[in-house]
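Please consult the sequence and the model shown below while reading.

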Amino acid sequence: MRPVHIALAVLVTAVWGVNFVVIELGLGHFPPLLFSALRFLVAALPAVFFVGRPKVAWKWVIGVGLALGVAKFGLLFIGMDRGMPAGLSSLVLQIQAVFTAVLAAALLRERPGRVRIAGMTVALGGIALAAVDEGASGPVLAFVLVIAAAACWGISNVLTRKAAPPDALNFMVWVSTVPVLPLLALSLVFEGPKADLAALRGLDWGGVGAIVYVAWGATVFGFGVWGFLLRRYPASAVAPFSLLVPVFGMSSAALLLDESVSPLRWGAAVLLVGGVALTSLSRSAPAPVPAPAPVEPVTPGERVEPGEPVAASASPGPANPLQGT
């Protein structure tokens, strides 16, 4: 990768890592479901009018919008509102790589190799260690909610693989339109119109800044640049940079929020990041594909009848840059 593109990849992971600190600050201004709804509303508008029509079927836009926007971010914001620390949230969410690998094996018939299975085992050990640490010092329910958010992220990853969007920014902007109304409805039911109105009436620059950062910084800028990098380079070259997200998340939470990092949490970070690296970067064996029927080669000058099979060229076409991410 060119140095400028390496710098862009690091910048995006820094934006995503600091995003957890901003979420925690934003939760001081808004109820969690309302905050998540506003985040997607601002991410979608006015960008949706400039990115063109969706380049994948609507079923994929709606499916990812519900799994990622409503379920994953709704659970994450509630978990953090219930006391899950920002730095630990940025770390625990990386277990999504294990959920993605398991779901891909079950639904896409991607057979995990030994290295990937070993990576999942190591990552689960890191989660167990983090659970012991959090169970001794923090609310267990909040920890479980963030784990559930990671599982929903895994579902959205599998749906995104099936959709294979050619333009990550276009896809993310349209996906952002889906969660707004469901999240607003859930907020009115569970958080109440009084709490929502009070948060909107008390809106100040701190609340506006939090919404703008998570919407335009983490969502539009982050996914736009990430998609640009994936179109230029193989996923295997870009994906490792995502392991920097918990590094920036934990360090920024320690610096800006005074979050302490216990020895157990450092141990969990080493196990989880190492396990995710093995899980994400190792290749899974493709599902067996039936061999095509033999085709007689066509000699030069020979006439081929319409509908008659012709031997295909041996050179493969370009790989989809988003496949496998």
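## Helix 3

Helix 3 has 24 residues, which at 1.5 Å a residue should span 34 Å; its end C-alpha atoms are 32 Å apart, and the two values therefore agree. The expected span is 1.5 Å times one less than the number of residues. Helices here are DSSP runs (H or I, at least four residues), numbered from the N terminus.

A kink of about 25 degrees is centred on Gly65 in helix 3; the bend at a residue is the angle between axes fitted to the seven residues ending there and the seven starting there. Gly83 follows helix 3 and has a positive phi, near 120 degrees.

## Basis of the model

The model is predicted: local features need pLDDT of at least 70, side-chain atom pairs count only at pLDDT 80 or more, and totals for chains, interfaces and linings use all residues. Residues are numbered from 1 along each chain as its sequence is written, and side-chain values use heavy atoms, with hydrogens and water left out.

## The nonpolar core

The largest nonpolar core holds 78 residues, of which Ile23, Phe35, Leu76, Val92, Ile95 and Phe143 touch the most other members. Helix 3 supplies the largest share of this core, 9 residues. Such a core is a set of buried Ala, Val, Leu, Ile, Met, Phe, Trp, Tyr and Cys residues joined through side-chain atoms within 4.5 Å. Buried means under 20% relative accessible area, exposed over 50%, and partly exposed in between (1.4 Å probe, protein chains only).

## Helix 7 and the residue after it

Helix 7 (residues 140-163) has 24 residues and reaches 35 Å from its first C-alpha to its last, close to the 34 Å expected at 1.5 Å a residue. Just after helix 7 comes Ala164, with a positive phi of about 45 degrees. Ala164 lies in the loop between helix 7 and helix 8 (168-177).

## Backbone features in other loops

Most residues other than glycine have a negative phi, and most peptide bonds are trans. Asp258, although not a glycine, has a positive phi of about 60 degrees. Asp258 is found in the loop between helix 13 (245-256) and helix 14 (263-281), and is exposed, with a relative accessible area of 69%.

The peptide bond from Leu45 to Pro46 is cis, with omega near 5 degrees. Pro46 is placed in the loop between helix 2 and helix 3.

Methods. Helices (H or I, at least four residues) and strands (E, at least two) are DSSP runs, numbered from the N terminus.
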